[in-house]
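Subject: Structure handover

Hello,

Here is the structure for you to look over. My notes follow below it.

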Amino acid sequence: WFGKAAGQATSWLWAQIGSATAINLDSPQLRTDLLATGAIALTLTLALFLVQVITSVLRREPAGLARAAKGLVIALVMSVFAFSVTKILLGAVDQLSEGVVGYTMGTDIAGLGNRLALGSLESVANPGLVLIFSLVVLASVAVVWGAMMIRKMLVIIAAVLTPLAFSGATADITRGWVRKWIEFMAAMIASKLLLVIIFMIGVSVIEGAGMSAQPGPGQQLTQLATGSLILLMGGFAPWAAIKMFNFPGHVMPTPLPPAAQP
């Protein structure tokens with residue numbers, strides 16, 4: 001019973017993951033939310049612009065005024081551009097994921113899960129091993145599903161907050177908002193492709209890549225263990241993507257030039 005449940009859960013996960021993780025940022029509800037955050041961002045942009053101008057005047061720093069003007073353009077123009085690019089990249093990653101799986105495995109994303117060789121779990125003779133592997137697989141399915149749903153939710157939230165993130169470009173004290181938004185959104189978008197790549201490599205390992213060509217009595221258990229661990233690792237794809245896309249790391253802020261002497 002546990003073995004059947006684990007196999008059915010895996011098949012269900014991959015049959016649904018393609019459509020369930022698709023994100024539509026053109027829905028009327030999101031447009032309404034985006035207009036609301038845009039209005040808030042406009043007020044915040046003007047406030048931060050004034051803060052930057054006043055600070056630059058008090059410091060007698062002409063370059064600060066130039067950064068304020070540049071940030072104002074970024075906040076008002078690039079936020080719209082970034083939202084449009086986000087929609088394009090989401091669709092491109094979905095198509096790329098399907099293309100990679102089709103090219104390397106000759107199947108689609110739904111069929112990729114069926115090749116993890118977890119359907120034979122119920123045929124293992126040792127009932128204790130069946131129970132252990134089944135619990136691991138069921139927990140892994142829940143982790144992967146939860147991670148992809150969290151990714152979907154975070155992408156939608158970050159997309160709606162795009163105007164607020166780019167409003168920070170108008171002042172030195174909030175300029176890092178734009179970079180953090182770009183890094184976070186890039187990681188969330190690419191995490192689906194990373195998940196597919198993890199499973200693609202896992203299927204290759206299960207089917208003999210990197211393993212001994214000599215079949216043994218423990219080969220079936222090895223395949224089950226590998227498939228279970230790969231399924232579990234796939235759930236951490238969004239967090240791995242965040243680490244991968246944090247290229248600048250913790251960069252120390254550039255010190256402002258000292259104020260000119262009177």
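Leaving aside neighbours within four places in sequence, which residues is Ile17 in contact with? They are Ile109, Val144, Met148 and Leu195. Contact means heavy atoms within 4.5 Å.

Before the rest, the ground rules. This is a predicted model: local features need pLDDT of at least 70, side-chain atom pairs count only at pLDDT 80 or more, and totals for chains, interfaces and linings use all residues. Residues are numbered from 1 along each chain as its sequence is written, and side-chain values use heavy atoms, with hydrogens and water left out.

**Cores**

A nonpolar core is a set of buried Ala, Val, Leu, Ile, Met, Phe, Trp, Tyr and Cys residues joined through side-chain atoms within 4.5 Å. Buried means under 20% relative accessible area, exposed over 50%, and partly exposed in between (1.4 Å probe, protein chains only).

The largest nonpolar core has 24 residues. Leu13, Trp14, Ile17, Val144, Leu195, Phe199 and Leu231 touch the most other members. Helix 1 (2-20), helix 3 (62-105), helix 5 (127-160), helix 7 (176-206), helix 8 (219-234) and helix 9 (237-245) each supply at least two residues. Helix 7 gives the most, with 8 residues. Helices here are DSSP runs (H or I, at least four residues), numbered from the N terminus.

A second, separate core has 21 residues, including Ile23, Leu34, Ala158 and Val160.

Ser97 is in helix 3. Ser97 is buried, with a relative accessible area of 0%. Leaving aside neighbours within four places in sequence, Ser97 is in contact with Ile109, Lys192, Leu193 and Val196.

Helix 3 also holds Val73, which is partly exposed at 48% relative accessible area. Val73 belongs to a nonpolar surface patch of about 640 Å², made with Leu42, Leu46, Leu76, Val77, Met78 and Phe81. Helix 2 (28-59) and helix 3 each give two or more residues to the patch. Helix 3 gives the most, with 5 residues. Areas are Shrake-Rupley values with a 1.4 Å probe.

**Aromatic pair**

The structure holds 1 aromatic pair (ring centres within 6.5 Å). Phe166 and Trp181 sit edge-to-face (planes over 60 degrees apart), at 5.3 Å centre to centre and 70 degrees between the planes. Phe166 lies in helix 6 (residues 162-167) and Trp181 in helix 7, so the pair ties together parts 15 residues apart in sequence. Both Phe166 and Trp181 are buried.

Best wishes

Terms used:
Patches are made of residues with over 30% relative accessible area and no salt bridge: like charges are joined within 9 Å, nonpolar side chains (Val, Leu, Ile, Met, Phe, Trp, Tyr) within 5 Å. A salt bridge is a side-chain nitrogen of Lys or Arg within 4 Å of a carboxyl oxygen of Asp or Glu. Rings of Phe, Tyr and Trp (its six-membered ring) pair if their centres lie within 6.5 Å; planes under 30 degrees apart count as stacked, over 60 as edge-to-face and the rest as tilted.
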